[in-house]
Amino acid sequence: MRNTEQSRAAFAEAKEHMPGGVNSPVRSFANVGGNPPFIARAEGAKIYDIDGNEYIDYVGSWGPMVVGHAHPQVVKALQEAVTRGTSYGAPTLLETELAKLVQSVYPSIEVIRMVNSGTEATMSALRLARGYTGRDKIVKFIGCYHGHSDSLLVSAGSGLATFGVPSSPGVTKGTAADTIAVPYNDADAIRAVMEREGDTIAAVIVEPVAGNMGLVLPRQGYLSLLRDLTAKHGALLIFDEVMCGFRASLGGAQAAYGIRPDLTCLGKIIGGGLPVAAYGGRREIMERVSPSGPVYQAGTLSGNPLAMTAGIETLKILTAEPEEGKADYSRELTIKTKELLLGWQRAAKDSGVSICAHQAGSMFGIFFIDREVYDYTDAEAADQEAFRIWFDTMLDEGIYLAPSQFETLFLSGAHAAEDIERTIAAAEKGFAAVKKSRS
Ligand SMILES: Cc1ncc(COP(=O)(O)O)c(C=O)c1O
């Protein structure tokens with residue numbers, strides 16, 4: 001059994017000073033009813049808590065740590081950068097370098113604006129879409145998360161699920177009324193909305209590979225339907241690739257599914273673990289952003305030199321030409337992820353526990369359910385108690401997973417074959433514990 005004494009005390013103290021003891025809700029482990037380990041340090045594929053426990057990490061700071069923690073190349077560049085000053089609030093060469101690196105793999109991003117968080121990226125992209133089209137309404141999909149700005153903290157109304165209601169106190173009814181929430185992967189639902197209101201809609205925003213209701217993949221043809229419908233009605237198509245960018249494939253979901261959105265939001269990986277996100281897309285649209293155009297958006301720390309440095313080094317590693325006879329970095333990640341997931345599927349089957357397993361490049365996840373999961377309603381039907389038992393067993397075995405079935409897991413280049421073997425062995429115990437709890 002792990003010793004968790006110091007983390008427990010730290011959490012109790014933190015709760016005196018911060019809401020729920022954390023600075024972002026999911027970290028509190030509320031979904032699994034536990035006590036979060038407080039992290040002391042991380043290296044490669046491992047994180048270490050203040051009680052001295054070691055874990056193989058599949059959270060990776062919720063996605064950014066694709067090359068592993070404290071990668072020597074990233075650390076060295078940051079150490080050198082910090083001696084040159086930490087922020088200037090003035091242009092640097094680093095910003096153009098990161099912009100070019102991103103654009104080299106995302107040809108749809110002709111012009112890019114760096115911001116500090118995914119929330120800022122999606123919020124700014126929506127303002128731009130509204131400014132560009134002169135329309136107010138937006139469409140989002142139930143179960144997709146795009147950060148915590150007001151327009152996007154909206155869930156479906158009852159019945160037809162096509163009018164928005166605030167999903168948090170503090171979001172006004174007026175704001176929510178401009179957001180239309182539609183079930184993900186439901187072709188008829190989006191067709192009906194676009195036919196009825198398409199000419200008043202500024203943008204359709206979607207996680208093209210959805211990672212915030214667990215990992216849910218788009219049905220065949222669904223993304224191209226969104227592309228066609230938005231083009232037909234003069235609405236912009238915004239791909240929120242904050243999570244799936246550089247993960248679903250190197251070029252994100254847009255490369256994997258061959259769809260060119262009007263605007264793309266990126267985050268997480270492009271900052272290599274420091275706070276960076278971005279939005280960008282067609283030049284004609286992006287030229288409306290201030291100071292080129294009238295749509296205002298700014299940031300004191302946007303394009304911060306340390307954050308740009310971490311992003312540049314991370315992307316350099318990800319996009320490097322592979323050695324002779326080797327697959328490129330992203331491909332290697334996909335292969336390793338598949339191996340891990342196959343191991344879990346085998347273990348679940350051997351234990352007689354039904355799961356639905358999904359993978360998109362180096363993103364992966366499972367639902368405790370005996371059928372396919374296409375949307376939020378399906379995800380909600382998965383067995384939460386089974387997940388909790390499985391999660392607890394994994395944590396005790398030294399495997400650090402996202403503490404909710406409604407999250408996605410991530411692999412990094414630092415995960416070795418041995419880590420994957422250990423993770424599969426732990427999962428066997430986890431599935432056996434689930435089975436036992438049901439008997
Ligand atoms: C798809 C997606 N968009 C936006 C965000 C918001 O990003 P941030 O937490 O950096 O504000 C997230 C966060 O997980 C996300 O997964």
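Author: A crossing of two helices is left-handed if the near helix is turned anticlockwise from the far one by less than a right angle, and right-handed if it is turned clockwise. The structure discussed here is a predicted model.

Reader: Are α2 and α10 roughly parallel or roughly antiparallel to each other?
Author: The two helices pack at an angle of about 155 degrees. Angles over 145 degrees count as roughly antiparallel. The orientation of α2 and α10 is therefore roughly antiparallel.

Reader: Which residues of α10 make the contact with α2?
Author: From α2, the contact draws on Q73, V74, A77, L78, A81 and V82. By class, the contact of α2 with α10 has eight nonpolar, three polar and two charged residues. On the α10 side, the residues are L306, T309, A310, E313, T314, K316 and I317.

Reader: At what angle do helix α3 and α10 pack?
Author: Helix α3 spans residues 93-105, and its axis is 9 Å from that of α10. The crossing of α3 and α10 is left-handed. The angle at which they pack is about 30 degrees.

Reader: How many residues of the contact of α3 with α10 are nonpolar?
Author: In α3, L94, E95, E97, L98, L101, V102 and V105 meet α10 residues P305, M308, T309, G311, I312, L315, K316 and T319. Three residues of this contact are polar and three are charged, while the nonpolar ones number nine.

Reader: How are α13 and α14 oriented to each other?
Author: Helix α13 (residues 384-396) and helix α14 (residues 417-438) pack at an angle of about 140 degrees, with their axes 8 Å apart. Angles over 145 degrees would count as roughly antiparallel, and those from 65 to 115 as roughly perpendicular. The two helices α13 and α14 are therefore oblique.

Reader: How far is an oxygen atom of the ligand from a polar side-chain atom of T119?
Author: The residues surrounding the ligand include S117, G118, T119, H146, D240 and K268. A polar backbone atom of G118 is 2.8 Å from a ligand oxygen atom, and an N or O atom in the side chain of K268 is 2.9 Å from a ligand oxygen atom. For the polar side-chain atom of T119, the distance is 2.6 Å.

Reader: Is the peptide bond from S290 to P291 cis or trans?
Author: P291 lies in the loop between α9 (283-286) and α10 (305-319). Most peptide bonds are trans. With omega near 5 degrees, the bond from S290 to P291 is cis.

Reader: What is phi of F246?
Author: F246 is located in the loop between β10 (236-240) and α8 (252-257). Most residues other than glycine have a negative phi. F246 has a positive phi, near 60 degrees.

Notes
Residues are numbered from 1 along each chain as its sequence is written. This is a predicted model: local features need pLDDT of at least 70, side-chain atom pairs count only at pLDDT 80 or more; totals for chains, interfaces and linings use all residues. Side-chain values use heavy atoms; hydrogens and water are left out. Axes are lines fitted to C-alpha atoms, for helices over the stretch in contact, and angles run from 0 to 180 degrees between N-to-C directions. Helices (H or I, at least four residues) and strands (E, at least two) are DSSP runs, numbered from the N terminus. Angles under 35 degrees count as roughly parallel, over 145 as roughly antiparallel, 65 to 115 as roughly perpendicular and the rest as oblique. A residue is near a molecule or strand if one of its heavy atoms lies within 4 Å of it. A polar contact is a pair of N or O atoms within 3.5 Å; within protein, one must be able to donate a hydrogen and the other to accept it, and residues adjacent in sequence count only if both atoms are side-chain atoms. Contact means heavy atoms within 4.5 Å. Ala, Val, Leu, Ile, Met, Phe, Trp, Tyr, Cys and Pro count as nonpolar, Asp, Glu, Lys and Arg as charged, and the others, Gly among them, as polar.
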